[in-house]
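Open the model in your viewer and keep the selection tool at hand. The tour goes from the ligand to the sheet and then into the core.

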Amino acid sequence: MQRIVVLNPKGGSGKTTIAINLASYLAARGDKPVLMDFDPQGSSVRWVKKRKPTQPLVHVIAAFEKDTRTTRAFQLRVPEYATHVIVDTPAALEARYLPEMTRDADKVIVPVLASDIDIHTCSNCIRDLLLVAKIRRDDNRIGVIANRIRRNTLIYQSLIRFLHTLHIPIVATIRDSQNYVRAAELGIGVHEMKSYVAQADVEQWLPLVDWLARPRAITPATIPQGAPPAVPAAGGSPPGGAAPPAGPAPSAAAGNADDAPAGTPAALAIA
Ligand SMILES: Nc1ncnc2c1ncn2[C@@H]1O[C@H](COP(=O)(O)OP(=O)(O)O)[C@@H](O)[C@H]1O
Ligand SMILES: [Mg+2]
């Protein structure tokens, strides 16, 4: 089971949009995604409730609710059949909650809009992920999504330049598209829309899907003590089953691959 956390303390950057569309994509391809909604606004929960019984199942956990009748662990339990857990996080999430929120995350996706304010918040968010949550850059766990992009704008160019300086990969570039607004209203994702309507949007998800499928990089910190050196067996994977990423990380269509570089405390208590 893969755990994917979508995170950026800036409201409106596209966390819920990315989370629900990822869930929709995975469900449509036959996986069993679970959405875990930590945002008291409950947008992901509302989206799942709009889905019809005939649509591929997306299980949802209202993690923002405090249910005093059960333990927190019981409330947050993930069904055994789950292939992915996608965590939608609230705006204004404080840095001190990042270690807990990202502890078991295989991937952390940070959506960012092309605006001066958003670039600044994203910079702080990445810094906190590296320094407070102590995620290593070379773990290949953090990826940025440039969201609501209009390509030929100066602010888009500055966003790309800024992301290069962070040395965090841009794992997708998503255009500003009314299909995301319409899909959210209907309880579907762009992958469940008619292809003649949403093909341009669907294509932009390919680099993200590719990056998600990449295993975490083997770094000294992830190799158990006393383990043999990670020499790939002929035609197989190195010990631990995790292969280092082959070649450059997926690129946004802009051609920038891995060369590119307060919350609600009670609701977040996972224990
Ligand atoms: N790529 C996009 N194109 C058009 N609208 C978008 C896009 N991404 C997000 N939105 C819209 O922007 C608003 C905020 O997005 P949302 O995903 O709720 O942000 P967050 O969860 O970070 O607060 C929503 O109305 C959503 O439909
Ligand atoms: Mg949201």
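Helices and strands here are DSSP runs, numbered from the N terminus. The model you are looking at is predicted.

**Stop 1: the ligand**

Select ligand 1 and the residues around it. The shell holds 17 residues, and the nearest are Gly14, Lys15, Thr16, Thr17 and Tyr180. Now colour by element. Three elements to pick out are α1 (15-28), β6 (142-149) and α7 (178-186), each of which gives the shell at least two residues. Colour by class next: nine shell residues are polar, five are nonpolar and three are charged.

**Stop 2: the sheet**

Show the strands. Seven of them make an open sheet with parallel pairing, and the order to trace is β3-β2-β4-β1-β5-β6-β7. Click the two edges, β3 (59-61) and β7 (170-175), which each pair on one side only. Look along the sheet: from one strand to the next, the twist averages 20°.

**Stop 3: strand β4 and its neighbours**

Select residues 84-88, which are strand β4, together with β1 (residues 2-6); the two pair in the parallel sense over five bridges. Pick Gln2 and you find its bridge partner in β4, His84. Arg3 stands opposite Val85 of β4.

Select Met36 to find its bridge partner in β4, Val87.

Are the residues of β4 buried or exposed? Five of its five residues are buried. His84, Ile86 and Asp88 lie on one side, and Val85 and Val87 on the other; both faces are covered.

**Stop 4: helices on the sheet**

Select α5 (residues 116-131). This helix lies across β5 (107-113) and β6, and runs at about 165° to β5. Then select α9 (residues 206-213), which packs on the sheet and touches β1, β5, β6 and β7. The direction of α9 makes about 155° with that of β7.

**Stop 5: the nonpolar cores**

Which residues touch the most other members of the largest nonpolar core? They are Ile86 and Val110, in a core of 60 residues. Helix α1 supplies the largest share of this core, eight residues.

Zoom in on Ile86. Leaving out residues up to four places away in sequence, Ile86 touches Ile4, Val6, Ala19, Leu22, Ala23, Pro33, Leu35 and Met36.

Finish at another core, which lies apart from the largest one and has five residues. Among them are Tyr180, Ile188, Val190 and Ala198.

How values were computed: Residues numbered from 1 in each chain as written. Chains lettered and ligands numbered in written order. Predicted model: local features only at pLDDT ≥ 70, side-chain atom pairs only at ≥ 80, totals over all residues. Near = placed C-beta within 6 Å. Helix = DSSP H or I, 4+ residues; strand = E, 2+ residues; numbered from the N terminus. Nonpolar A, V, L, I, M, F, W, Y, C, P; charged D, E, K, R; others polar. Core = buried A, V, L, I, M, F, W, Y, C linked by C-beta atoms within 7 Å. Buried ≥ 20, exposed ≤ 12 C-beta atoms within 10 Å, placed from the backbone. Contact = placed C-beta atoms within 7 Å. Pairing = 2+ DSSP bridges. Axes fitted to C-alpha atoms, helices over the stretch in contact; angles between N-to-C directions.
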